[in-house]
Amino acid sequence: GETGFLLHIVIDPKYRRRGLGKSLLIHSLGSLYETERNLSKIELAVTLSNPALFMYESLGFKILNESSTYVWKKR
């Protein structure tokens, strides 16, 4: 399979913690898999100090390496 990459998902700080980022990420993952059906994983580069790490993990992303790359594997 191929690897997809999500480059930027940003929510203005005053609108965070309302589920907008999670909704945007879920929509983005769905759209990516609709257009690229042969993907076996999607990688998301994020700093380990990012406050949204819990959200990524709740959606199935796992730490791939300590250089702050998370990876989501198609189930």
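This is a short tour of one protein, stop by stop.

**Stop 1: the whole chain.** Show everything as a cartoon. You are looking at a predicted model. Count the pieces: there are two helices and four strands. Trace them along the sequence and the pattern reads β-α-β-α-β-β. The protein has 75 residues, and 35% of them count as buried.

**Stop 2: confidence.** Color by pLDDT. The mean for the protein is 81, and 85% of residues reach 70 or more. Which element has the lowest mean pLDDT, and which the highest? Select residues 69-73: this is strand S4, the lowest, with a mean of 59. Then select residues 20-35: this is helix H1, the highest, with 89.

**Stop 3: helix H1.** Stay on H1 and check its length. H1 has 16 residues, so at 1.5 Å a residue it should span 22 Å. The C-alpha atoms at its ends lie 23 Å apart, which agrees.

Next, show side chains. Which residues of H1 are buried? Select Gly21, Leu25, Ser28, Leu29, Leu32 and Tyr33. They sit on the same side of H1, because they cover an arc of only 125° around the axis. Now turn to the face pointing away from that buried side. Here you find His27, Glu34 and Thr35, which are exposed.

**Stop 4: the core.** The largest nonpolar core holds 15 residues. Select Leu6, Leu25, Leu29, Ile42, Met55, Tyr56 and Phe61, the members that touch the most others in this core. H1, strand S2 (39-45) and helix H2 (53-58) each supply at least two of the core residues. H1 gives the largest share, with four.

Zoom in on Leu25. Which residues does Leu25 touch, leaving out those up to four places away in sequence? They are Leu6, Ile9, Met55, Tyr56, Leu59 and Phe61.

**Stop 5: contacts across the chain.** Zoom out again. Take the contacts in the protein with a separation of 6 or more: 52% of them come from residues 24 or more positions apart.

**Stop 6: Ile63.** Select residues 62-65, which form strand S3, and pick out Ile63 there. Is Ile63 buried, exposed or partly exposed? Its relative accessible area is 43%, so Ile63 is partly exposed: buried means under 20%, and exposed means over 50%. Finish with a distance. Pick the C-alpha atoms of Ile63 and Leu44: they are separated by 9.7 Å, and the two residues are 19 apart along the chain.

Conventions
Residues are numbered from 1 along each chain as its sequence is written. This is a predicted model: local features need pLDDT of at least 70, side-chain atom pairs count only at pLDDT 80 or more; totals for chains, interfaces and linings use all residues. Side-chain values use heavy atoms; hydrogens and water are left out. Buried means under 20% relative accessible area, exposed over 50%, partly exposed in between (1.4 Å probe, protein chains only). Contact means heavy atoms within 4.5 Å. pLDDT is the predictor's confidence in each residue, from 0 to 100. The expected span of a helix is 1.5 Å times one less than its number of residues. The arc is that of the directions from the helix axis to the C-beta atoms. A nonpolar core is a set of buried Ala, Val, Leu, Ile, Met, Phe, Trp, Tyr and Cys residues joined through side-chain atoms within 4.5 Å.
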